[in-house]
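Here is a friendly tour of a ligand site and its setting. Please have a look at the model, and then read on.

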Amino acid sequence: MTLRVGVLTGGGDCAGLNSAIKWVTKTALDPFLDVRRQTRMEVVGIRDGWRGLVEVEPDDPESVARWTLPLNELLVRTWDRYGGTNLGTSRVNPFSAKEDRSRQVLEHIGALGLDVLVAIGGEDTLSVAHRLDRLGVRVVGIPKTIDRDLSATDYTLGYDTALNVIAEEVDRLRTTAGSHSRTFVVETMGRHAGWLALEGGEAAGAYIILIPEWDFEIDRVVELLDRRRSAGVRYEIVVVSEGAKVRGGAEVYLSDKSDEFGHKVLGGIAQTLSREIEKRGGWETRYVVLSHLQRGGQPSAHDRLMGRRFGIAAVDLILKGAFGRMTALVRGEIDSVPLEAALERLYTVDVDRYYDTDRYNGRRCAILQ
Ligand code: F6P
């Protein structure tokens with residue numbers, strides 16, 4: 001029996017996706033493993049996430065060549081070293097409220113002869129996979145998102161590389177901040193989850209960290225900064241998550257437009273905050289929005305490794321016939337969980353456990369009594 005496996009990456013890109021695609025492909029086509037298996041596999045990459053399955057016209061060879069890419073070991077050999085996704089991605093939602101194209105997707109999966117789909121994505125991409133699973137499509141998920149906001153897994157691809165970017169960029173800012181004796185406000189991504197800001201800020205040694213899970217007061221931020229200035233320190237780094245908000249205020253958006261999953265693009269809180277610090281504190285303050293730099297660049301060793309492990313685990317799930325599940329890291333081991341469990345709720349920072357609401361920083365207490 002030969003299983004035709006489709007692979008796609010959806011949502012925001014990040015480091016580690018190419019590693020996952022490579023290891024799905026290599027494991028599925030591994031000639032050494034093939035000898036021991038009853039099932040043979042072929043792997044087809046779908047371009048631009050769910051858009052590929054919406055747009056492809058299976059009867060037109062040109063369209064099939066445009067939206068799909070047969071994968072083999074030679075082709076994917078070097079992919080794990082590179083960031084982004086060589087298959088492309090999009091935020092197309094086949095179940096979008098504006099236009100439901102799920103019927104097309106179901107037809108195209110059938111017409112392309114795909115027996116299984118491996119969907120590599122975050123909350124949005126995997127929610128589509130979950131709905132397709134309920135409609136009878138055989139799907140396996142691999143978690144990725146720099147926001148690390150999926151439940152039921154301790155790791156999502158891209159997170160480690162993004163943390164490294166934050167730490168590196170803050171290191172760079174320190175020298176100029178110190179020379180000019182300025183406060184720098186650094187805005188990270190993360191949407192409604194503060195993990196990137198919190199752990200990126202902790203890793204970078206930021207003086208203040210502001211997260212969406214705890215609304216902050218500007219006067220308190222200025223008071224803390226002032227205290228440090230008075231102690232003779234020349235500069236401060238404030239890390240603020242794009243989803244953080246002033247107490248009593250609202251999230252700051254770059255635009256009012258929403259994507260097909262209903263998300264508006266967050267951004268701008270660092271600018272607002274830096275203006276207020278300068279006004280109320282009376283010293284020079286600048287801001288930097290790290291934005292998509294956090295999603296770019298070469299994958300860290302950890303993301304390459306996790307891409308490899310999740311890719312291999314996805315093929316294990318296929319061979320076991322364990323569909324509707326997502327590969328996961330659970331207490332340090334590679335495992336799998338139902339897609340439903342990963343999507344049940346957004347995994348956000350537990351303030352009581354990890355955040356100091358007085359100091360606006362990570363808690364200095366690791367083992368709770
Ligand atoms: O979900 C991943 C993420 O990088 C968020 O942190 C961010 O808010 C969003 O995607 C940005 O999306 P886009 O690339 O569409 O601007």
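A polar backbone atom of Gly 190 lies 3.1 Å from an oxygen atom of the ligand, a polar contact in the sense of a pair of N or O atoms within 3.5 Å. The side chain of His 292 places a polar atom 2.9 Å from a ligand oxygen, and for an N or O atom in the side chain of Arg 295 the distance to a ligand oxygen is 2.8 Å. On its own the ligand has 400 Å² of accessible area, of which the protein covers 84% (Shrake-Rupley method, 1.4 Å probe).

This is a predicted model, where local features need pLDDT of at least 70 and side-chain atom pairs count only at pLDDT 80 or more, while totals for chains, interfaces and linings use all residues. Residues are numbered from 1 along each chain as its sequence is written, and side-chain values use heavy atoms, with hydrogens and water left out.

## The shell

Which residues surround the ligand? They are Arg 91, Ile 146, Asp 147, Met 189, Gly 190, Arg 191, Glu 242, His 292 and Arg 295, each with a heavy atom within 4 Å. By class, five are charged, two polar and two nonpolar.

## Between two domains

The domain assignment gives domain 1 (2–157 + 297–343) and domain 2 (161–294). Both contribute residues to the shell, so the ligand lies between them. Their C-alpha centres are 34 Å apart, and 18 residues of domain 1 contact 15 residues of domain 2 (heavy atoms within 4.5 Å).

Terms used. A polar contact is a pair of N or O atoms within 3.5 Å; within protein, one must be able to donate a hydrogen and the other to accept it, and residues adjacent in sequence count only if both atoms are side-chain atoms. Ala, Val, Leu, Ile, Met, Phe, Trp, Tyr, Cys and Pro count as nonpolar, Asp, Glu, Lys and Arg as charged, and the others, Gly among them, as polar. Domain bounds come from an automatic or database domain assignment.
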